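Take a look at the model below.

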Amino acid sequence: MARAMTFYSTTVGKKVVMAATGVLLVLFIVGHMLGNLQIFEGPERLNAYAHFLKSTGELLWGVRIVMLAAIILHILAAAQITIANWKARPIGYAMKKDVETGYAARTMIVSGPLILLYVIYHLMMFTFLQTPQGLSDTDVYGNVVKAFQQPGISAVYIVALLVLGFHLYHGIWSMLQTLGVNHPKYNRLRRIGACVLAVLIAAGYLSIPVSVLLGIVH
Amino acid sequence: MKLTLKIWRQESPEDKGRLVSYEMDGVAEDTSFLELLDILNQRLIKKGEHPVTFDHDCREGICGSCGFMISGIAHGPQKLTTTCQLFMRQFKDGDTIVAEPFRSRAFPVIKDLVVDRSALDKIVQAGGFISARTGSGPDGNAIPISKEKADRSMDAAACIGCGACVAACPNGSAMLFTAAKISHLGLLPQGQPERKQRALRMVAKMQELGFGACSNHGECEAVCPKGISIDFIARLNRDYMVASALETVEPVKKV
Ligand code: FES
């Protein structure tokens, strides 16, 4: 335990924790997307899948607890690192140009909190059914269609997923680098792979509200 | 050519400091940046003003003494180049050039463009060495080292410790420097006995000195005059993870 705390006390240790929890979160995001895409196979299929998830009981709670812990650690490490980074340059430059870094990398600290806000809103709506749309406990398919038929809800969802895409575009490559996953032969693939995965994830999720709005799923 | 220089002037570490403009006329294209400052300084001395203070030594891009921010980029706009090797042909007639010291909590400004970079030496002192017997040099080729390993170790050893990586990093992180120092030893057989302690000690020192974290922006590699790759940062991360799992940090033993 003492060794774990020493490890975490350095910025390298915190980054490793952020990257490792990032891996879990990416896996969850992909799994969740594949689950959601069953909406294209009709109400029975999606509702049966939702019922199956709920029926797993302890397993479902196990996954939920692990994800909650991952989110907390991810945010804690991110907050501590950001504060350390701010402190590392108390006097800024009169003129500073970025040569290599990009928009996604520079805005991780903005996209992260936005995603958190969205996740809370999303859980309130679809998991705790706390929003006033009159969503049902069993008809997941109906809930999704009903929610996304409202342009406001779809718009929030679309913006949130684009933000997530940006976060993943830098995050996926960054977590590989932080975890020391590199090899001269495959290094270029990490950037390309991160980009492809980020686009696939954003596109996969976005296909649902877009299809509802266009009336393809109804 | 005609240039406007805006240079950071700061009398002492306590002074607040400010950018001061100087008009330079009739500058030859093959003047180096440091020579340009020499010319300006002659002028200032004649007028009885204080010359601009800046670090330099070899003026051939190998010692790592020189370096400041030139219009927002560490060592200026030319890739793989130190400040002393940057020539005026990289600029256009009429350009305004801003020169500021490298900025980081661990690099306090001493005067004008000179900063105290001894923090980098402290990181090396913490673990950037091997313990070997002194005496006559070992026989050549007595220890076989593959060409690939030797090349990569040399790539890391090319670091001249100028501090541009820290200056360019949005987080003021010294990861590229530390990674280069850890790797050039860690890639060779002679560096193996202390490899884990080295990673633990140098990372802890970096932390203690107040450098920021690596966010994998890649700005450091882009400005490094020796082109040190951020692959070495991934290597540092691996070494640190393995070392943390297997050992706890021990103080350096002096014999
Ligand atoms: S003065 Fe030696 S590298 Fe520039």
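**Inside chain B, then out to chain A**

Start with one pair of side chains: B:D55 and B:R117 meet in a salt bridge, with 3.2 Å from N to O. The model is predicted, so distances like this one are computed from it.

Where does this pair sit? Chain B is divided into domain 1, residues 3-111, and domain 2, residues 117-246. B:D55 falls in the range of domain 1, and B:R117 in that of domain 2. The count of salt bridges between these two domains is one. On the side of domain 1 that touches domain 2, 10 residues are nonpolar, seven are polar and four are charged.

Now step back to the domains as a whole. Their C-alpha centres lie 29 Å apart. The contact takes 21 residues from domain 1 of chain B and 20 residues from domain 2 of chain B. About 1,500 Å² is buried between the two domains, and carbon and sulfur atoms give 61% of that area. Which three residues of domain 1 supply more of its buried area than any other three? They are B:L80, B:A106 and B:F107, and they supply 32% of what domain 1 buries against domain 2.

Next, turn to the partner chain. Here 51 residues of chain B are in contact with 39 residues of chain A. The area buried between the chains is about 3,700 Å². Carbon and sulfur atoms give 54% of it. B:R103, B:N216 and B:H217 supply 16% of the area that chain B buries against chain A, more than any other three residues.

How many salt bridges cross between the chains? The rule finds zero. Polar contacts do cross: the count is 36 residue pairs, both residues at pLDDT 80 or more.

Which elements of chain B face chain A with two or more residues each? They are strand 5 (96-100), helix 4 (164-168), helix 6 (195-208), helix 7 (219-223) and helix 8 (231-246). Helix 8 gives the largest share of this side, with 11 residues. By class, the side of chain B that touches chain A has 28 nonpolar, 15 polar and eight charged residues.

Technical notes:
Residues numbered from 1 in each chain as written. Chains lettered and ligands numbered in written order. Predicted model: local features only at pLDDT ≥ 70, side-chain atom pairs only at ≥ 80, totals over all residues. Heavy atoms only, no water. Contact = heavy atoms within 4.5 Å. Buried area = accessible area lost by both parts, 1.4 Å probe. Salt bridge = Lys/Arg side-chain N within 4 Å of Asp/Glu carboxyl O. Polar contact = N/O pair within 3.5 Å; in protein donor to acceptor, adjacent residues only side chain to side chain. Helix = DSSP H or I, 4+ residues; strand = E, 2+ residues; numbered from the N terminus. Nonpolar A, V, L, I, M, F, W, Y, C, P; charged D, E, K, R; others polar. Domains from an automatic or database assignment.
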